[in-house]
Amino acid sequence: MVDEDFRSVSELYIRVLPALRIKKKELNRNKMQFITEKDIWSCLRDKYWKKEAALTLYDIVNSILSLEEDVILEYMSKKIIGE
């Protein structure tokens with residue numbers, strides 16, 4: 001998934017946590033307080049990164065920061081209703 005040397009997905013998650021927190025704060029300012037860092041991570045992992053073979057750290061952070069509100073809302077809606 002990433003060309004950096006990460007021993008686990010958990011280690012990668014910790015590395016990009018600052019970007020996830022920034023995105024969460026942005027979403028919270030837009031009245032989406034229910035979305036967590038893990039929700040953002042899961043959305044991107046399930047919708048975009050699963051299909052990618054060679055993501056860079058830059059690609060991951062860019063995906064996090066440019067995630068559209070409607071994409072995360074659609075993902076959360078499907079998650080809630082169990083699709």
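Is K78 buried, partly exposed or exposed? I looked this one up to open the notebook: K78 has 36% relative accessibility and counts as partly exposed. My scale calls a residue buried under 20% relative accessible area, exposed over 50%, and partly exposed in between (1.4 Å probe, protein chains only).

**Ground rules.** I am working with a predicted model, where local features need pLDDT of at least 70, side-chain atom pairs count only at pLDDT 80 or more, and totals for chains, interfaces and linings use all residues. Residues are numbered from 1 along each chain as its sequence is written, and side-chain values use heavy atoms, with hydrogens and water left out.

**Entry 1, salt bridges.** I took a salt bridge to be a side-chain nitrogen of Lys or Arg within 4 Å of a carboxyl oxygen of Asp or Glu. That rule gave me 4 salt bridges. I followed up some of them, and K78 came up again.

K78 pairs with E74, with N and O 3.2 Å apart. Both sit in helix α4, 4 residues apart, which is about one helical turn. For helices I used DSSP runs (H or I, at least four residues), numbered from the N terminus. E74 is partly exposed too, at 39%.

Next I checked K23, which forms a salt bridge with E26 at 3.1 Å between the closest N and O atoms. K23 is buried, at a relative accessible area of 1%, whereas E26 is partly exposed at 27%.

Then I looked at D39 and K79, whose side chains meet at 3.1 Å, N to O. D39 is in helix α2 (residues 37-47) and K79 in helix α4 (residues 69-81), so this bridge ties together parts 40 residues apart in sequence. I found D39 buried at 9% and K79 partly exposed at 44%.

**Entry 2, aromatic rings.** How many aromatic pairs does the whole structure hold? My search found 2. I paired rings of Phe, Tyr and Trp (its six-membered ring) with centres within 6.5 Å, calling planes under 30 degrees apart stacked, over 60 edge-to-face and the rest tilted.

The ring centres of Y13 and W41 are 5.1 Å apart and the planes stand at 90°, so I logged the pair as edge-to-face. Y13 comes from helix α1 and W41 from helix α2, so the contact joins parts 28 residues apart in sequence. Both residues, Y13 and W41, are buried.

W41 also pairs with W49: centres 5.3 Å apart, planes at 70°, and therefore edge-to-face. W49 is buried, as is W41.

How values were computed: Helix = DSSP H or I, 4+ residues; strand = E, 2+ residues; numbered from the N terminus.
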